[in-house]
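Please keep the sequence and the model in view while reading.

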Amino acid sequence: MAYKIVGSQCTNCTACEALCPNMAISEAKGTFVIDPAKCTECIGHFDSPQCVAICPVDDTCVIDNAYPRYEA
Amino acid sequence: MTEAMFEDSHSNGSDDSAVDIADVMQKMAEHKGCGTEGGSGKASCGSSGGPEDMPPEIWEKVKNHPCYSEEAHHHYARMHVAVAPACNIQCNYCNRKYDCANESRPGVVSERLTPEQASKKVLAVASTIPQMTVLGIAGPGDPLANPGKTFETFRLISEVAPDIKLCVSTNGLALPDWVDEIAKYKVDHVTITINMVDPEVGQHIYPWIFWENKRLTGYEAAKILTERQLLGLEMLTERGILAKINSVMIPGINDKHLVEVNKAVKSRGAFLHNIMPLISAPEHGTVFGLNGQRGPTAQELKALQDECEGDMNMMRHCRQCRADAVGLLGEDRSAEFTTDKIMAMEVNYDSAGRKAYQEAVEAERLAKVAAKQDELDGLEKAGDMKILVAVATKGHGIINEHFGHAKEFQIYELSQTGAKFVGHRRVDLYCQGGYGEEDALETVIKAINDCHAVFVAKIGGCPKADLTEAGIEPVDQYAHEFIEKSALVWFKDYLDKVESGEIVHADRGDAAIRQGALISEAG
């Protein structure tokens, strides 16, 4: 149902926060986090998840397998 | 006047005949009830642009801007505030992951500031360092990918410190969307990093761009980027906003192509081109660093800069500083102005004191230019000969640094037409822990190996002998005198010796550009 941010790789660049159509991303404990309850994987908003597309570090915004995939 | 009027504390006093900047600084410090380090700033010089080869309206805009004017950066400081962390493209020479407080290169920064914190920081710095005339937003991401924070910062600063010049650096992708906003806040200097005008070249530099909510790659990405950059440049030129172009020289990828870039930006009204060497080392973790892409040698860089220098000014003093650097170019005082420290500071913006300092600087600049003029006669016998010399200086256009303390050398080219600043060479490993004295000297010799002489305020016996053996003449007889004047006096003497047969003129080899990150002294 959601993406998550690998905290140890996050550079705190803030780029994803502004792009998230669901305002699911916020700063917490020195890194950025995605609220899984709000994340829609950008389905219905954009062709690709915005946080993944803008993140300057590969494999930092990734699918969180703790949740089932989002269905619109 | 041969004696410099603006010297640091260990020098032998100042001339009392002209405006004394140290005196103005001291008065300001007393007024504030605090000490001052005034005048100890280390700097060097760059774009040879001066009043004689620039339209007056441009000179008026750049004369106090350390990043734009060779003259200015001896005297004026800049600061960057890191309010813009997000970026909309990826470059193969950039890695945002590293931030060590001791590491100095573009794209890294120690702390992010809010616009309010940034505004307070600017006031704190401007009140402490009267040379501070320029506020830039350079990242650490792309300022125009963070437009809200960037323009709010400009708005706050223009309200409280209207005399500070505002500038912004961008990769250009978002530039066309924000040119009107840039004009609105009277940001009259914009730097665009343009590394190519051909997407075939660009696809090897930019792995992706973020465009219309998609990540685009390859040729398509580079094509959009170059179109947006050139459109943005044209829009700035239409509005009379000065545009400087930064280009990173990447051997084998865009080195030859940068001549085309130079023509393209010149024809669209850019007034200054700054070609910088690629900084590339595996420990930076950049794509280029990891795949072994090398940076240019000193002579490769100079040859390209010379080739592009026609009727366009080339900037050669860029220090490729961090997005949160504070101080004169080549120094970084950012550690004095951390958020904790500035929030605790009593800030009293001293407009009158700043004006007095800046007027004193103008007098000093004129004295330096006048000193050089006297030595321009008698250079005809140089013929086609051009030689390089290195200078150890802490700034103010004076030979005032000890050889062993120098963290960089300024390079001047001496020829029939005079002494021209053509670059600087970092040697900051010298005199630092972990390296033996021998290695350190070797680093310096590699860095200035293309020079015939090195001018210093003072030098020990051992390095003197080693330099001489390497074919670089150590010159300490012009300590605390003006650089250009002294270099020309020495050059004429050199020409006389060549003429009389006392010495045989020979060309020097190439020199290496230091690749590691600059280690900051502040801590």
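## Contact between the chains

Two residues are in contact if their C-beta atoms, placed from the backbone, lie within 7 Å. On that basis, 12 residues of chain B are in contact with 14 residues of chain A. The side of chain B that touches chain A divides into four nonpolar, three polar and five charged residues. Here Ala, Val, Leu, Ile, Met, Phe, Trp, Tyr, Cys and Pro count as nonpolar, Asp, Glu, Lys and Arg as charged, and the others, Gly among them, as polar.

This is a predicted model: local features need pLDDT of at least 70, side-chain atom pairs count only at pLDDT 80 or more, and totals for chains, interfaces and linings use all residues. Residues are numbered from 1 along each chain as its sequence is written, while chains are lettered from A and ligands numbered from 1 in the order in which they are written.

## Chain A

Chain A has two helices and four strands. Helices (H or I, at least four residues) and strands (E, at least two) are DSSP runs, numbered from the N terminus. Along the sequence, the pattern of chain A is β-α-β-β-α-β. The radius of gyration of chain A is 11 Å, close to the 11 Å that the globule rule gives for 72 residues, so chain A is as compact as a globular protein of that length. That radius is taken over C-alpha atoms, and the globule rule is 2.2 Å times the number of residues to the power 0.38.

The C-alpha atoms of chain A fill a box of roughly 30 × 25 × 20 Å, taken along the principal axes. Of the 72 residues in chain A, 36% are buried. A residue is buried if 20 or more other C-beta atoms lie within 10 Å of its own, exposed if 12 or fewer, and partly exposed in between, with C-beta atoms placed from the backbone. Take the contacts in chain A between residues at least 6 apart in sequence: 67% of them join residues at least 24 apart.

## Chain B

Chain B has 15 helices and 18 strands. Buried residues account for 54% of its 523 residues. Among contacts in chain B between residues at least 6 apart in sequence, 72% join residues at least 24 apart.

Two packed helices are described by the angle between their axes and the distance between the axes. Axes are lines fitted to C-alpha atoms, for helices over the stretch in contact, and angles run from 0 to 180 degrees between N-to-C directions. Angles under 35 degrees count as roughly parallel, over 145 as roughly antiparallel, 65 to 115 as roughly perpendicular and the rest as oblique. A crossing is left-handed if the near helix is turned anticlockwise from the far one by less than a right angle, and right-handed if clockwise.

Helices α5 (residues 175-184) and α7 (residues 218-238) of chain B pack at about 20 degrees, with axes 8 Å apart. That makes α5(B) roughly parallel to α7(B). Their crossing is right-handed. From α5(B), B:Leu175, B:Pro176 and B:Val179 meet B:Arg228, B:Leu231, B:Gly232, B:Met235 and B:Leu236 in α7(B). By class, this contact has six nonpolar, one polar and one charged residues.

Helices α3 (residues 115-128) and α4 (residues 147-160) of chain B pack at about 40 degrees, with axes 9 Å apart. That makes α3(B) oblique to α4(B). The crossing of α3(B) and α4(B) is right-handed. Residues of α3(B) in the contact include B:Pro115, B:Val122 and B:Leu123, and those of α4(B) include B:Leu156, B:Ile157 and B:Val160. By class, the contact has seven nonpolar, two polar and three charged residues.

## Positive phi

Most residues other than glycine have a negative phi, and most peptide bonds are trans. A:Met23 has a positive phi of about 50 degrees although it is not a glycine. A:Met23 sits in the loop between α1 (15-19) and β2 (25-28) of chain A. A:Met23 is exposed, with 10 other C-beta atoms within 10 Å.

B:Asn213, also not a glycine, has a positive phi of about 65 degrees. B:Asn213 lies in the loop between β7 (208-211) and β8 (214-217) of chain B. With 15 C-beta neighbours inside 10 Å, B:Asn213 counts as partly exposed.
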